[in-house]
Amino acid sequence: MPNTEGTTASKPPLEPPLASDDKQSEALARLEARFEDLCDRHKEERFLWIAVTVILMNILLLGDVQPSMLPIAIVLLELPLLFLLAKKLGIESVAQLFDRIISDIGRTAKNGD
């Protein structure tokens, strides 16, 4: 039997040596930015799929409706809900458009009175 007393076997490191803190911070910042970008694109894609589904459902369900004002009224009721969904998902471009439309409607209502 070999004698292993008094000898210490050196084990290879389990983790690679760490880079400097600056390099780690830069890499972490890049990963965070990529993650945020990916999340934003995922939210935008989700909103677009919902909007396309709503449009297709409107075409399918309201295409043959006789009173022509009914589909327009339904679409006008759906638009604020879609804009609120966009705001909740954090899609800034649609949320800004909605805010601009609302402020224009408010100004028009004030000037019309």
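Let's start with helix α2, whose buried residues are Pro71, Leu82, Phe83, Ala86 and Leu89. Keep in mind that this is a predicted model. The helix covers residues 69–89, 21 residues in total, and spans 31 Å from first C-alpha to last, close to the 30 Å expected at 1.5 Å a residue.

Now for the charges. The count of salt bridges comes to 3. One of them joins lysine 87 and aspartate 99, at 3.2 Å from N to O. This pair ties together distant parts of the chain, with lysine 87 in helix α2 and aspartate 99 in helix α3 (residues 92–112), 12 residues apart. Lysine 87 counts as partly exposed because its relative accessible area is 42%, and aspartate 99 does so at 36%.

In general, an α-helix has 3.6 residues a turn, so residues three or four places apart point the same way.

Over in helix α1, arginine 41 and aspartate 37 lie 4 residues apart, again about one turn, and their side chains meet in a salt bridge of 3.3 Å, N to O. Arginine 41 is partly exposed at 49% relative accessibility, as is aspartate 37 at 39%.

Finally, look at the surface patch of negative charge formed by Glu32, Glu36, Asp40, Glu44 and Glu92. Helix α1 (residues 21–62) supplies the largest share, 4 residues. Glutamate 36 lies in that helix and is partly exposed, at 45% relative accessibility.

Conventions. Residues are numbered from 1 along each chain as its sequence is written. This is a predicted model: local features need pLDDT of at least 70, side-chain atom pairs count only at pLDDT 80 or more; totals for chains, interfaces and linings use all residues. Side-chain values use heavy atoms; hydrogens and water are left out. Helices (H or I, at least four residues) and strands (E, at least two) are DSSP runs, numbered from the N terminus. The expected span of a helix is 1.5 Å times one less than its number of residues. Buried means under 20% relative accessible area, exposed over 50%, partly exposed in between (1.4 Å probe, protein chains only). Patches are made of residues with over 30% relative accessible area and no salt bridge: like charges are joined within 9 Å, nonpolar side chains (Val, Leu, Ile, Met, Phe, Trp, Tyr) within 5 Å. Accessible areas come from the Shrake-Rupley method with a 1.4 Å probe; for residues, only the protein chains shown count as cover. A salt bridge is a side-chain nitrogen of Lys or Arg within 4 Å of a carboxyl oxygen of Asp or Glu. Lys and Arg count as positive and Asp and Glu as negative; His and the chain ends are not counted. The place of a charge is taken as NZ of Lys, CZ of Arg, CG of Asp or CD of Glu.
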